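Please look at how aromatic rings are arranged in the structure shown here. A pair of aromatic rings is described by the distance of the centres and the angle of the planes.

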Amino acid sequence: MTETSGEDAQMLQSIRQSVLCGFAAVLSLSLLACGMAQAYPDQPIKIIVAFPPGGSSDIVIRALQPALAEDLHQTVVIENRTGAGGNIGIAAVVQAAADGYTLGVAAAGVLTVNPHLNRAAMTFDPLKDLVPITLLAEIPFVLVASQQSRFSSVDDVIAAARARPGELSIGHGGNGTAMHLTSALFNQKAGVSIQLIAYRGSAPAAVDVLAGHIPLAVLDVPVSQQLIRDGKLKALGVSSAGHISFLPDVPPLSELGLKDFDSVGWFGLVAPAGTPPEIIARLNTAFVKALNDPAAAAKIRVLGAEPAPSSPEDFAKFIRSENAKWGKLITDAGIKGE
């Protein structure tokens, strides 16, 4: 009887030890996971900007840099890696470890246009190889006319284009750019065939329309707004769905007979596919907070850009929507890559 009781006690003690060890193991794993989540970020974060220093996306991310560093308690390093319409910089992001320490600022072109124009030149699939974090900013465009032209309204332009097909031209900032697609969308919505002239950027197009070498141009707000305010260019309509704060008296093209016209330049923050959701959420919180900071937002608006914070889910839906819209336009208009 005594021997059996001793064996029972020994067995109970063994069970207790096993349960305690198991509990300790589970607790250790939980604490380790919690510690890992709390530790991010524990080293500097690199953000690759796929365009040169001084461009809109570069200035926007540098405007956010101080607030990000404060919120994340880490150094934020910005690296400009340019070329191939943004493909080179974003390819480097795709190839980086999916640990939240290499991010990319990607524009509409590389995420939604290049796959339709230059698929063979792309080494990655933007929809599969990247995880959206947040939209950063949007930049609307303006259809402008030279002061020497006879055009004072969109109706004037459409009437002239229909009366003399092929004689008019619209300058834009380069083949495959958002300004190019905005010009093509104008043709499609208006039912006209105005010749589209590619320039190497918005500034050269502005110079030619100012000089009267071309009658019309689609320009971004940073290049055009002061010229419009000074009365050197006629603003006929803005490309966004609604009015914009930078040019409040200029109506949207959607209100000028071009139903549902909506085209803006934009760029957002992405990470390599496979980045843990909790890290994406932490980054989204930090960037949305920075974009809502009044000082940072003011710096962004000086550029003619509008802060556009979003959730990762909403940004992903937006990318898919833009991809489908521009893919269809590129096919319908027969636009080819260079």
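**Aromatic rings in the model**

Phe-315 is buried, with a relative accessible area of 1%, where buried means under 20% relative accessible area, exposed means over 50% and partly exposed lies in between, for a 1.4 Å probe and protein chains only. The model is predicted, and local features need pLDDT of at least 70, side-chain atom pairs count only at pLDDT 80 or more, while totals for chains, interfaces and linings use all residues. Residues are numbered from 1 along each chain as its sequence is written, and side-chain values use heavy atoms, with hydrogens and water left out.

**Ring pairs**
- A search of the whole structure finds three aromatic pairs, a pair being rings of Phe, Tyr or Trp (its six-membered ring) with centres within 6.5 Å, called stacked if the planes are under 30 degrees apart, edge-to-face if over 60 and tilted otherwise.
- The rings of Trp-266 and Phe-315 are edge-to-face, because their planes stand at 85°, with the centres 6.0 Å apart.
- Trp-266 belongs to strand E9 (residues 264-272) and Phe-315 to helix H12 (residues 312-333), so this pair ties together parts that are 49 residues apart in sequence; helices (H or I, at least four residues) and strands (E, at least two) are DSSP runs, numbered from the N terminus.

- Trp-266 is buried, with a relative accessible area of 2%.
- Trp-266 also pairs edge-to-face with Phe-318, the centres being 5.0 Å apart and the planes at 65°.
- Phe-318 is partly exposed, at 22% relative accessibility.
- Ring pairs link Trp-266, Phe-315 and Phe-318 into a cluster.
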